[in-house]
Amino acid sequence: MDATHFKQTSLPHQQAGSTMMETVVALFVLAIGLLGTLAMQANGVNSNQRANLVTEANLLAADMVDRILAFNDIDSSADDDAYDGIDTSSGTASLPDCSSGCTATQQIAYDEAQWAEQLATTLPGGVGKITFDSTTNAYTIQVMWDHNRNGATGTGCTGNDWGESATELTCYTYELRL
């Protein structure tokens with residue numbers, strides 16, 4: 001065969017690798033995706049923390065409900081308001097000595113002191129308040145904490161349930177009707 005049988009054709013230019021610009025664009029798209037994943041992860045951690053604190057608040061409020069129900073004589077209304085006015089924001093009360101049994105007043109003080117300690121050690125800035133409404137014969141138990149851990153020192157709930165205010169606490173309210 002001679003050289004005339006081999007016809008030379010011009011092939012289109014084929015790319016052998018990616019250009020620098022394509023690499024930069026691909027890395028940019030990857031970075032955006034990773035940032036989105038990181039944001040979702042941070043939101044997930046915050047949601048889990050919020051759920052954990054709300055669960056702890058629920059358990060602490062239910063603990064006080066159990067204490068009130070254990071103390072309350074169902075056949076008498078004289079002791080219905082025995083736990084009214086408890087406010088743990090003033091600090092942890094001292095535990096009375098009930099080694100040989102407690103009087104009614106000592107039992108309430110004992111329950112308040114234990115509850116205050118549990119609130120303070122379980123929730124960041126945790127405090128609790130108990131009020132009794134004699135017209136409805138119902139207790140309102142509020143558990144409050146500094147959800148954002150920013151040193152909030154509020155004394156009540158202002159409708160901001162998740163503690164996004166710099167001064168008010170996050171609140172969980174439990175109502176018990178006797």
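Select asparagine 137 first, in the loop between β1 and β2. Helices here are DSSP runs of H or I with at least four residues, strands are runs of E with at least two, and both are numbered from the N terminus. Asparagine 137 has a positive phi of about 55 degrees, although it is not a glycine. Most residues other than glycine have a negative phi. At 24% relative accessibility, asparagine 137 counts as partly exposed. The cut-offs are these: buried is under 20% relative accessible area, exposed is over 50%, and partly exposed is in between, with a 1.4 Å probe and protein chains only.

This is a predicted model, where local features need pLDDT of at least 70 and side-chain atom pairs count only at pLDDT 80 or more, while totals for chains, interfaces and linings use all residues. Residues are numbered from 1 along each chain as its sequence is written, and side-chain values use heavy atoms, with hydrogens and water left out.

**The hairpin**

Now show β1 and β2. They form a hairpin with four residues between them, and asparagine 137 sits in the turn. The two strands pair in the antiparallel sense over seven bridges; pairing requires that DSSP finds at least two bridges between the strands. Select aspartate 133. Alanine 138 in β2 stands opposite.

**The whole chain**

Zoom out and colour by secondary structure. The chain has two helices and three strands. Read from the N terminus, the order is α-α-β-β-β. Of the 178 residues, 26% are buried. Take contacts between residues at least 6 apart in sequence: 59% of them join residues at least 24 apart. A contact means heavy atoms within 4.5 Å.

**The nonpolar cores**

Select Tyr83, Trp115, Leu123, Ile130, Ile141 and Val143. These have the most contacts inside the largest nonpolar core, which has 20 residues. Such a core is a set of buried Ala, Val, Leu, Ile, Met, Phe, Trp, Tyr and Cys residues joined through side-chain atoms within 4.5 Å. Four elements each supply at least two residues of this core: α1 (20-71), α2 (104-122), β1 (127-133) and β2 (138-145). The largest share, seven residues, comes from α1.

Centre the view on valine 143. Leaving out residues up to four places away in sequence, valine 143 touches Ala57, Ala61, Trp115, Leu119, Leu123, Val127, Thr170, Cys171 and Tyr172. Next, pick Met144, Ala152, Leu169 and Cys171. They are among the five residues of a second, separate core.

**The aromatic pair**

A search of the whole structure finds two aromatic pairs. Rings of Phe, Tyr and Trp (its six-membered ring) pair if their centres lie within 6.5 Å; planes under 30 degrees apart count as stacked, over 60 as edge-to-face and the rest as tilted. Select phenylalanine 71 and tyrosine 83. This pair is edge-to-face, at 5.5 Å centre to centre and 80 degrees between the planes. It links distant parts of the chain: phenylalanine 71 is in helix α1, tyrosine 83 is in the loop between α1 and α2, and they are 12 residues apart. Tyrosine 83 is buried, because its relative accessibility is 1%.

**The salt bridges**

Go to arginine 67. The structure holds two salt bridges, each defined by a side-chain nitrogen of Lys or Arg within 4 Å of a carboxyl oxygen of Asp or Glu. One joins arginine 67 to aspartate 63, with the closest N and O atoms 3.0 Å apart. Both residues lie in helix α1, four residues apart, about one turn of the helix. Arginine 67 counts as buried at 13% relative accessibility. Aspartate 63 is partly exposed, with a relative accessible area of 21%.

Aspartate 111 is buried, as is arginine 67. Together, Asp63, Arg67 and Asp111 are linked in a network of salt bridges.

**Last stop: glutamine 118**

Select glutamine 118 in helix α2. It is partly exposed, at a relative accessible area of 28%. Not counting residues up to four places away in sequence, glutamine 118 touches Leu60, Asp63, Arg67 and Leu123. Draw a C-alpha to C-alpha distance from glutamine 118 to leucine 60: it reads 7.6 Å, for residues 58 apart in sequence.
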